[in-house]
Structures are given as C-alpha cells and as structure tokens.
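User: Hey, can you walk me through this one? I'm new to reading structures.

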Amino acid sequence: MTGLVEDGVPPGNLSGRHHFDIDVIDDEVNDNPIEQVRLTVSTTDDPSQPTLTFRTWVLGLLSCSILAFVNQFFGYRTNQLYVSSVSAQILVLPLGKLMAATLPTNKYRFPFTNWTFSMNPGPFNLKEHVLITIFANSGSNSVYAVNIITIVLAFYKRKLHPASAFLLAQTTQMLGYGWAGLFRRYLVDSPYMWWPANLVQVSLFRALHEKEKRPKGGRTRLQFFFLVFICSFAYYIVPGYLFPSLSTISIVCLIWKNSITAQQIGSGAHGLGIGSFGIDWSTVAGFLGSPLATPGFATINILLGFVLIVYIVTPIAYWNNAYGAHKFPIISSHTFDSTGTTYNISRIINQKTFNIDMDEYNSYRKLHLSTFFAFSYGLSFATLTATISHVALFHGKTIWQMWRKTASAVKDQVGDIHTRLMKKNYQAVPQWWFHIILVSMVGLAIFTCEGFGKQLQLPWWGVLMACGIALFFTLPIGIIQATTNQQPGLNVITELVIGYIYPGRPLANVAFKTYGYISMSQALMFLGDFKLGHYMKIPPKSMFIVQLAGTVVASSVYFATSWWLLHSIENICDVSLLPEGSPWTCPGDDVFYNASIIWGVVGPLRMFTKKGIYPELNWFFLIGLIAPVPIWFFAKKFPNQKWIRLINMPIILGGTGYMPPARSVNYITWLAVGIFFNFYVYRKFKGWWARHNYILSAALDAGVAFTGVLLYFTLQSKDIFGPDWWGLLADDHCPLAACPTAPGVVAKGCPVQ
C-alpha cells in the first residue's frame, strides 16, 4: 500500500506516474538544460497580462469550493469519486471567455487611493486560467485531517470540539507553506528541478488556448465535453438511484448461491472478483482515479501487481490457512480476535482517558487481521523500501548530478531563461511571508493539540517531532519528486515512530502522522504548483496569494461538508444500521479507523514483533529493498530492451495499495478501461485519443458528480430511496463471500462449518 492509500484515503490520481529519460545539457545558456522542458515550455512572457482579476477570484473560488464539496461529499459514499482539477481547467475556459464578452469594462477607483478596478480588464488570458486551475487544485486535494474528525465522531462515537477540528484541518494543510518557503530556492528556481508532471499541465494549457476550428462533420472539444457530460449525467441516475446493483455484478454468485468458496472467488465486492464487473463510471474511477489519465506502462505495472497479489499470493496464503486465515473473511479491513469475532475495541480502551487499558488487553485476545489486510501492511513496508531502492538505482546518478548543479546554481545565482524572465519581470515573494506562516502554524498546531482538553492526545513535543520529520524529509523527497515524479510516502515511518514512542493512543498516532507526513506532502504540492507558475510566467506574489486563499477556502469547505454530513445523516458510516440502498458506508474512513486501532491503540510493538501475530511482515522491508535490483541489472545488461526499464517494482508491489477500501471490481473495471483506451484506442485512433481522451475523462467525472449531488439534495436527503426491489442493494449479492470457513466460527448471516 502506498502513499495515502494505506489508511483508506483515496489518491488524487495516477496521471503523474510517468517514466522519463532525462537529457541534461550543461552548455545550454539561453534555455532550460532539460530537453523535455525545452520542447514543452514557452520562453516568452507578456508581463502586461492581468492576473488577479475579478474573473480569477470568482471562477477560482467557485471551482475550489465546488471541487472541495463534491470530493468530500463522495468521499463518504460506497463508490468514492475523485473529481480532479482537470474538470475545472476545461470548464472555466468558456466561462472565462463568456465573462470577458459580457461583463462591463468600466473602471472603478478605490476612494482615497490610486487603485483602479475593472470587472472586465480585457480578453480572458492564459495566466488567469492558470491561477483559476491552482485554485481548483487546492479544492481537489483532500484534507487528510477530515479522516481524524470522522473516526472520532462516527466510529469511536466521541465528542470533538468544532474549533479543535477546524484548526486541525487548517494547520495540517497550512504547515506545508513553511517548508515550501524554506526550500523553494532549491526546488523551484533551479532549472535542474524540473517537476515532470507539470509538463502535462503546460501542454494542456497551451492546447486549450490554441485557436480551434470545428472539424468538418465533427465537434469542438468543448462541444464534445458537454455531449459526454449530458450522457454521463443522465445515465448515473440508473446506478446511482434506480439500480445500484449495476455498480458491481458478480456472475459467479448468481450461479452458485450457496457456496462460500465460489462466492469468495467470484465476489467483486468482498472476494477475488473473478467474473465480476460494473456498469458504472464511479466503480471504474472511484478509488484509483481516472484510468484514461494514467500512462499505459503504469496500468500494466498495476495489472501485474494486482494479478500477483490478488490471484496468486492471497489464494495461496488463504487456502493454506496462513495466520489462521480461515477464521476471517478472505478480504476485509476489519480487526478480529482469535475466535474470528470482530475485535471488541471498547473493551481494551479506557473510556475516560481514551488510552489502552493494558490489564484488559492482557486478559483479552491478541488482535488479528484478515490475511489480505495483513499482507497489505507488509506490502506497504515493501513499497516504501522499493521506492527508495528503485530511485537510487535508476535515478540516483541523475539526482546527484542535478543536486550538485542546483547547489552550484543557487550559490552562483545562475538560472535558466525562465528564472531570468521571472526575476526580470516580477517581484519575488519575501521570505518573511513564509516564516510568518510557518511560526504561526506551528504555534496554532501546538495550541490545537494541547488545548480543548487535549482531545487529540498529541503533546507539544509530538507536534515538534512531527514537524522535525517533515522538515528533514521535504528537501530529499522533493528532489526525488522534482526529478523522477515519485514521492516516497512517510506514513509508515511516522506511524512506526509514534507507535513505538507513544503507544496506546489512537488520536495521537493519526495526528502525529498527519502533521509529519501530510505537511510535507502539502509542501511538495505547493512547490509543484510554484514550478507550474514558474513555467507559465505567473507573478510569484499572485501565485502565493492564490495558493494561500485556495488552501484556506478548501480546508474550510472540506471541514464544513464533513461536519454537516456527520451531523445530518443518521448512522452515517455504520453499515449495520443504515437503510438498505444507502450509499453512506464510508469505506475509506473504515480503513482509517482500523488503522488507528492497529497503529495507535494496539501499536506496532504488539502487532509486528514477537509480542504480536505478525513479526514476519518485517521481512517485507528487505524484500522491497532487493526487488528492484534484478530489474536494474537486466536493464543495464540489455540496454536496447527499453521495456525492461518500464518494469517498476514500487508500482507492482503497491499495485493493490488501494485495497481496501477499493475492491477487486474497482481494479478489474479500471484496468479494462485503462488498457482499452491507453493501448487499443491510443494505437488505432491516436488523433482521436490526443484530442478527446482527457476531455472524455473530465466529462465522465463531472456528469457523475453533478448527478450524485442532485440526487442527494432532491431525494436521498429526504429519505426517498429507489424502488424496493432486488437491484436496490448497493452490493453484488454475494452474502457468503465474507464468511469464515474454519469449523465452529460463528458470523452473522453465515453457515457454521
């Protein structure tokens, strides 16, 4: 499991996972030393173009708020849906042009100043479009702290002060600004830190702003977008309301209705998913992001990982009864005791202090996991070390060369054409702006954890230690991401550190992880956006203001949406009490909750050492470290076989990192669609693919999102669900797939063997 996924938090998308062969030219004076940048990024600039216009603020704040609301709204549903900023990037272009054509051009002067203001300063320009997309990007990136709020209120059933929850959401997001400010000279200004994923955005911006003529007998890209959007909007009424069972259809379960083994093999929701599929875009893109935006090589690597882990490792381990597997479901994110019963977490927690009660724990049974869930933690260990090993072997020399050149360039104040244009045309952001944010956010973070009755359990030294980890890792991981597009996750490190130092406190564990890991991840997101602004020649102060405003607004909307849903939907996240057909099952938060039990309450000492059940999983650290070596060896030995370098062990080992909460049917449909579009359509209809592929993805996302929100506000919020019939069940009709097969184990709805 990789990145955020280990805790059930869906990723943004996989579109950034490219493989690049980097060509560095030292004597390139008037341009960038990276060939890909020279081929993609314009070396011209028009500093007279307005940036922070009325259109930028209106469309930017609107995009940010809508994406934040929609992504958090769908985050609690059975089929999560992630709507990326690409949807807004495409949609705001005609809206911006419409505003430029219709708004009054009058200029207004602020009283007692020389400042003038116009709602329409001229044609809608590229820089406005970039800033609006930065706003949207803030809204599309989830607020990790919301998962903490959710498990406290919906799973642990405890109270949380709203001010504490709000500050937690804000400080964990805003801390990243401080780290970004400290390292922007190295990770933004340097031409050798080139951030490959940004080139995709640069290309899309340039394509959207090229003058487009409607093809004879065809449609413009905007017309195509709205056509697909309307179809997606209309169709989602069927799986979203009238026939939810279309989301997961498991053929095997419809044939063998009384066989546990058959349903374990065939269930797409609770088993291996052989013969299952879904006719629902939210099933395809709900957890892994859009397959249309994922490079073909990454899709194949994920396919290899999925087949290896789900169809080879899991069946062998389960049917050989590894770790008592027969007592538990074949795939489950829940925790169990040694009898196969759901672990009684309330028994081992002191309800007054919310810490582990060691006397009760010692008198109770050890915590067990389903075999798949246990192996998923082992794979998260392997993915971490495999990423480090892969980057060192395949990109280590390049990274070292670029770091030396970067350090030299910063020392000598040497830059490429883009850096020189930026310094010539625009004022830099003063460093003290970042320092003020850093100091104030660290102070607010300590106040959030130490105040409000210490509800979050993390002491002040824990906040400072988490900040220290983020500070230490931001630069080296930033160098890796800025040159290879891979970001090794710190979630395992942070969980291990606080789990050993301060065990038995679930909220302390997740808060430490959030301040240590997410603040670094946010810093790299800010730095990546700064580099995009660098390429697009956006004034740095405008970028800073938009990022700051977007982060505050997005964090507030994510918090407000979650707080509203958690207090307005009865029994949200409690599958046993929700009405049939209700989509509010919170699969990602369920995984996050169980992770807080494993790492926070019980702790790694009592899970992954001889005191627990799973000490052997520590070998996965070594397995991951070694796994890329054979690939690297053969790539060196056979340099003409370019396909060998495309075998990416971190992606293969982390291939099932989204399971759970993702299910096998999500992978099967995602892989099928991805392979079809990125191989068959790409090769047979390359012109169509280049023109329509990303727009198709954005339109499908947008249609599902708008229908889902509309259905909730018009019908589901009033407890009006679809017709009561067989297809209303938002499941695959495989009730026996989650049953244990060990003799004598009693589980609800399951026959006793």
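User: What kind of model is it, and how are residues numbered?

Analyst: It's a predicted model, where local features need pLDDT of at least 70 and side-chain atom pairs count only at pLDDT 80 or more, while totals for chains, interfaces and linings use all residues. Residues are numbered from 1 along each chain as its sequence is written, and side-chain values use heavy atoms, with hydrogens and water left out.

User: Okay, rings. How many aromatic pairs are there?

Analyst: There are 47. Rings of Phe, Tyr and Trp (its six-membered ring) pair if their centres lie within 6.5 Å; planes under 30 degrees apart are stacked, over 60 edge-to-face, and the rest tilted. One of the pairs is phenylalanine 381 with phenylalanine 608, which is edge-to-face, with 5.6 Å between centres and 80° between planes.

User: Where do phenylalanine 381 and phenylalanine 608 lie?

Analyst: Phenylalanine 381 is in helix 16 (residues 371-412), and phenylalanine 608 is in the loop between helix 23 (587-602) and helix 24 (619-626), so the pair ties together parts that are 227 residues apart in sequence. Helices here are DSSP runs (H or I, at least four residues), numbered from the N terminus.

User: Are those two phenylalanines buried or exposed?

Analyst: Phenylalanine 381 is buried, and phenylalanine 608 is too. Buried means under 20% relative accessible area, exposed means over 50%, and partly exposed is in between (1.4 Å probe, protein chains only).

User: Which residues do ring pairs link into a cluster?

Analyst: That cluster has Tyr177, Trp432, Trp433, Phe434, Phe526, Phe530 and Phe544.

User: And what sits over the ring of tyrosine 361?

Analyst: The charged end of arginine 606, 5.7 Å from the ring's centre. To count, NZ of Lys or CZ of Arg has to be within 6 Å of the ring centre and within 35 degrees of the ring normal. Arginine 505 also lies over a ring face, that of tyrosine 502, at 3.9 Å from the ring centre.

User: Switching to helices. How do helix 13 and helix 28 cross?

Analyst: The axes of helix 13 (residues 296-319) and helix 28 (residues 664-684) come within 10 Å and cross at roughly 150°. Axes are lines fitted to C-alpha atoms, for helices over the stretch in contact, and angles run from 0 to 180 degrees between N-to-C directions. Helix 13 and helix 28 are therefore roughly antiparallel; angles over 145 degrees get that label, under 35 is roughly parallel, 65 to 115 roughly perpendicular, and the rest oblique.

User: Which residues make the contact?

Analyst: Among them are Gly296, Leu303 and Phe306 of helix 13, and Tyr667, Trp670 and Gly674 of helix 28. Contact means heavy atoms within 4.5 Å.

User: Now single residues. Where's tryptophan 195?

Analyst: Tryptophan 195 is in the loop between helix 6 (162-187) and helix 7 (197-208). Its relative accessibility is 4%, so tryptophan 195 counts as buried. Apart from neighbours within four places in sequence, tryptophan 195 is in contact with residues including Leu187, Gln481 and Lys531.

User: Which residues does a cis peptide bond join?

Analyst: Proline 660 and proline 661, with omega about 15°. Proline 661 is in the loop between helix 27 (649-653) and helix 28.

User: What about phi of cysteine 573?

Analyst: That phi is near 75°, a positive value in a residue other than glycine. Cysteine 573 is in the loop between helix 22 (540-568) and helix 23, and at 7% relative accessibility, cysteine 573 counts as buried.

Key:
Helix = DSSP H or I, 4+ residues; strand = E, 2+ residues; numbered from the N terminus.
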